[in-house]
Amino acid sequence: MLMLLLLLTPSMGGHASAESGRVTFNDPTVQLGNAVPVYMSVFKGGRYLNNNVASVDITLNYDPEYLQFITASNGMGNLSTSSTSPGTLRVTDRVNSGTSSFSCELRFNTLKAGTTKISVKSVTVLDRNGSRFSMTSGV
């Protein structure tokens with residue numbers, strides 16, 4: 001049985017705002033050839049952003065030699081993904097009205113044994129007034 005070690009590393013520039021938060025991931029156990037679920041959430045102070053999130057726009061980087069994106073699920077109701085190049089995944093979501101907390105499941109196929117990572121390239125989280133949450137790195 002060959003295993004793939006998946007390192008999830010949030011790292012992105014911050015945005016000025018009165019509130020701050022971070023993007024977090026679970027630490028999945030991965031077996032080569034299987035689909036792996038990666039759970040991504042936006043938190044503040046160890047908790048979801050208190051149901052104050054109106055929209056998210058997160059760009060992730062991963063090594064396409066090790067991982068192949070399959071699908072995303074859950075979110076706030078309008079979850080969408082797109083890729084402009086191999087190894088880049090943009091995840092966007094917004095609520096229809098009001099605010100929510102944000103978490104979603106991303107599924108990847110494992111393609112190759114070894115060590116790889118998923119990292120946050122950029123993130124924008126807006127509240128219902130269109131104000132940005134300050135986002136810092138952290139797991």
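This report walks through the fold, core, strand pairing and side-chain contacts of a predicted model.

## Overall fold

The protein chain has 11 strands and 0 helices. Read from the N terminus, the elements run β-β-β-β-β-β-β-β-β-β-β.

The chain holds 139 residues, and buried residues make up 38% of them. Its exposed surface comes to about 7000 Å². Carbon and sulfur atoms supply 45% of that surface.

## The nonpolar core

The largest nonpolar core has 29 residues. Which of them touch the most other members? They are Met-40, Ile-58, Leu-60, Phe-102, Leu-106 and Phe-108. β2 (20-25), β3 (35-44), β5 (55-62), β8 (88-94), β9 (103-110) and β10 (114-126) each supply at least two of its residues.

Leu-106 shows how such a residue is surrounded. Set aside its neighbours within four places in sequence. Leu-106 is then in contact with Val-36, Pro-37, Val-38, Met-40, Leu-60, Phe-69, Thr-71, Ala-72, Leu-89 and Val-91.

Is β5 largely enclosed or open? In β5, 6 of the 8 residues are buried, so this strand is largely enclosed by the rest of the structure.

β5 pairs with β8, and the two run antiparallel, joined by 7 bridges. β5 also pairs with β10, again antiparallel, through 8 bridges. In β8, the residue opposite Asp-57 is Thr-92. In β10, the residue opposite Asp-57 is Thr-124.

## Salt bridges

How many salt bridges does a search of the whole structure find? It finds 3. One of them joins Asp-57 and Arg-90, with the closest N and O atoms 2.4 Å apart. This pair links distant parts of the chain. Asp-57 sits in strand β5 and Arg-90 in strand β8, 33 residues apart. Asp-57 has a relative accessibility of 23%, so it counts as partly exposed. Arg-90 is partly exposed too, with a relative accessible area of 39%.

Lys-112 and Glu-65 also meet through their side chains, at 3.1 Å from N to O. Lys-112 is partly exposed, at 34% relative accessibility. Arg-107 and Glu-105 form a salt bridge as well, at 2.9 Å from N to O. Is each of these two buried or partly exposed? Arg-107 has a relative accessible area of 29%, so it is partly exposed. Glu-105 has 13% relative accessibility, so it counts as buried.

## Aromatic pairs

The whole structure contains 2 aromatic pairs. Tyr-62 and Phe-108 form an edge-to-face pair, with 5.2 Å from centre to centre and 70° between the planes. Tyr-62 belongs to strand β5 and Phe-108 to strand β9, 46 residues apart. Both residues of this pair, Tyr-62 and Phe-108, are buried.

Phe-69 and Phe-108 have ring centres 5.6 Å apart and planes at 70°, so this pair is edge-to-face. Phe-69 lies in strand β6 and Phe-108 in strand β9, so the contact ties together parts that are 39 residues apart in sequence. Tyr-62, Phe-69 and Phe-108 form one aromatic cluster. Why does Phe-108 count as buried? Because its relative accessibility is 0%, and buried means under 20%.

## Two residues to look at

Asn-74 is in strand β6 (residues 67-74). Its phi is near 70°, a positive value in a residue other than glycine. Is Asn-74 buried or exposed? With a relative accessible area of 54%, Asn-74 is exposed, because exposed means over 50%.

Pro-28 lies in the loop between β2 and β3. At 12% relative accessibility, Pro-28 counts as buried. Pro-28 and Val-38 are 10 residues apart in sequence. In space, they are 6.7 Å apart, C-alpha to C-alpha.

Conventions: Residues are numbered from 1 along each chain as its sequence is written. This is a predicted model: local features need pLDDT of at least 70, side-chain atom pairs count only at pLDDT 80 or more; totals for chains, interfaces and linings use all residues. Side-chain values use heavy atoms; hydrogens and water are left out. A nonpolar core is a set of buried Ala, Val, Leu, Ile, Met, Phe, Trp, Tyr and Cys residues joined through side-chain atoms within 4.5 Å. Buried means under 20% relative accessible area, exposed over 50%, partly exposed in between (1.4 Å probe, protein chains only). Helices (H or I, at least four residues) and strands (E, at least two) are DSSP runs, numbered from the N terminus. Contact means heavy atoms within 4.5 Å. Accessible areas come from the Shrake-Rupley method with a 1.4 Å probe; for residues, only the protein chains shown count as cover. Two strands pair if DSSP finds at least two bridges between them. A salt bridge is a side-chain nitrogen of Lys or Arg within 4 Å of a carboxyl oxygen of Asp or Glu. Rings of Phe, Tyr and Trp (its six-membered ring) pair if their centres lie within 6.5 Å; planes under 30 degrees apart count as stacked, over 60 as edge-to-face and the rest as tilted.
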